[in-house]
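Thanks for making the time this morning.

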Amino acid sequence: MILVTGASGQLASRIITHLRTAGADVVEGSRSPATGGRAMDFDAPATIDMRGVDTLVLVSAGYAEDDVVVRRHSAVLDAARRDGVGHVVYTSLVGAGDHLGFALAHRATEELLHRSGLGRTVMRNGLYAELVGALLTWDGGLLESPFAQGRVAAPTRDDLAKATARVAVDPAGHDAVTYELTGPAFTVAEVAHRLEAPVRELPLGKYREGLLAASGLLPFQAPMLASIASTIRHGFLADHGPDLAGLLGRAPDSGVESAVEAALAARPGALMRS
Ligand SMILES: NC(=O)c1ccc[n+]([C@@H]2O[C@H](COP(=O)([O-])OP(=O)(O)OC[C@H]3O[C@@H](n4cnc5c(N)ncnc54)[C@H](OP(=O)(O)O)[C@@H]3O)[C@@H](O)[C@H]2O)c1
């Protein structure tokens, strides 16, 4: 049996769909599972039940301070060891993303996984193309970008999900492997071209000022988002390697269309227009 955590999330739900399409025996793990799923909250370790699970797909539960995220993942790996899970597939962050504000929690989790003695595969995911699009902002019909001319090898969530499902159905064939999962690189200029929108470049200081002034952001999020902008802008996420194509058996999709859709969805009034 394969258990996928974070089942209600955008990546995990796609992984589950691809596993079901492949005919795998899948169970959903979630704080709010569908019928037949397992209720589990990583912040409440007593709720984590891994009995009967052969392969665990641990989708990172980020969006919190490092200590919280590492504690969550540590609790899951403790439960996996206790309950006799055979193999863990962990969705991590691409190695080139070490300058990103959320890299540390991923590297700490990889280390915990390594030391756990469990069978393991690390899926080091590039920044989602959808995230790149969603981080662009609009001023009327003008697209604002903090990424300058930076190229970003951002894969689509769906390609990452397909690759993860491929690994989860044959974990022994991927044991002790770390995959660096990137897509064809693109720039915001290509996204803007599809949107037929002019781009205004935001210097990092102005971008950070806007983040700090924004309501609804948690304290860790402004520096985290600023680190994404700086890392893309300075070309650290531009390199596209072969691992994702190797798992998919074809070239990864370009992320441009996904970024365009995400940018359109983030445009004020998008819901009213659709
Ligand atoms: N590579 C990238 O570009 C990138 C960007 C952003 C985030 N990430 C990481 O990738 C993960 C998946 O991305 P996504 O786009 O699918 O995010 P998402 O749609 O926001 O889903 C995040 C999932 O994390 C799970 N989660 C949060 N707190 C949890 C807790 N206390 N216990 C158990 N599960 C918890 C939730 O699962 P349930 O609600 O089902 O319990 C939620 O569905 C994120 O959580 C984050 O760590 C990667």
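**A buried glutamate and what follows from it**

Let me start with Glu28, which counts as buried because its relative accessibility is 16%, where buried means under 20% relative accessible area, exposed means over 50%, and partly exposed is what lies in between, computed with a 1.4 Å probe and with protein chains only. Please keep in mind that this is a predicted model, in which local features need pLDDT of at least 70 and side-chain atom pairs count only at pLDDT 80 or more, while totals for chains, interfaces and linings use all residues. Residues are numbered from 1 along each chain as its sequence is written, and side-chain values use heavy atoms, with hydrogens and water left out.

Which residue does the side chain of Glu28 meet in a salt bridge? The partner is Arg20, at 3.4 Å from N to O, and a salt bridge here is a side-chain nitrogen of Lys or Arg within 4 Å of a carboxyl oxygen of Asp or Glu. Arg20, at 46% relative accessibility, counts as partly exposed, whereas Glu28 is buried.

A search of the whole structure finds 19 salt bridges, and I will pick out two others. The side chains of Arg200 and Asp139 meet at 2.6 Å, N to O. Because Arg200 lies in strand β10 (residues 199-201) and Asp139 in strand β7 (residues 137-139), this pair ties together parts that are 61 residues apart in sequence; helices (H or I, at least four residues) and strands (E, at least two) are DSSP runs, numbered from the N terminus. Both ends are partly exposed, Arg200 with a relative accessible area of 33% and Asp139 at 41%.

The other salt bridge joins the side chains of Arg233 and Glu201, at 2.8 Å from N to O. This pair also links distant parts of the chain, with Arg233 in helix α8 (residues 221-233) and Glu201 in strand β10, 32 residues apart. Glu201 is partly exposed, at 40% relative accessibility. Elsewhere, salt bridges that share partners join Asp98, Arg107, Glu110, Arg124 and Glu180 into one network.

Now to the sheet. What is the order of the seven strands in the open sheet? Reading across, the order is β3-β2-β1-β4-β5-β6-β9, with parallel pairing, and two strands are said to pair if DSSP finds at least two bridges between them. At the edges stand β3 (38-39) and β9 (177-181), each with a single partner strand, so one side of each is left without a neighbour in the sheet.

On one side, strand β1 (residues 2-4) pairs with β4 in the parallel sense over three bridges, with Leu56 as the bridge partner of Leu3. β4 also pairs in the parallel sense with strand β5 (residues 87-93), over five bridges, and in β5 the bridge partner of Leu58 is Tyr90. Between these two strands the chain crosses from β4 through helix α2 (residues 66-82) to β5, and this β-α-β crossover is right-handed, in the sense that, with the strands pointing away from the viewer, the path from the first strand over the helix to the second runs clockwise.

Next, the ligand. Of the 22 residues around the ligand, Ser8, Leu11, Ser30, Arg31 and Ser60 come nearest, where a residue is near if one of its heavy atoms lies within 4 Å. A polar side-chain atom of Ser8 lies 2.8 Å from an oxygen atom of the ligand, and a backbone N or O atom of Gly9 lies 3.0 Å from a ligand oxygen atom. The protein covers 89% of the 870 Å² of accessible area that the ligand has on its own, with areas from the Shrake-Rupley method and a 1.4 Å probe.

I will end with two backbone details. Ala148, in the loop between β8 (142-145) and α5 (157-169), has a positive phi near 50° although the residue is not glycine, and Ala148 is buried, at 17%. Glu196, in the loop between α6 (188-195) and β10, likewise has a positive phi near 50°, but Glu196 is exposed, with a relative accessible area of 75%.

Notes
Polar contact = N/O pair within 3.5 Å; in protein donor to acceptor, adjacent residues only side chain to side chain.
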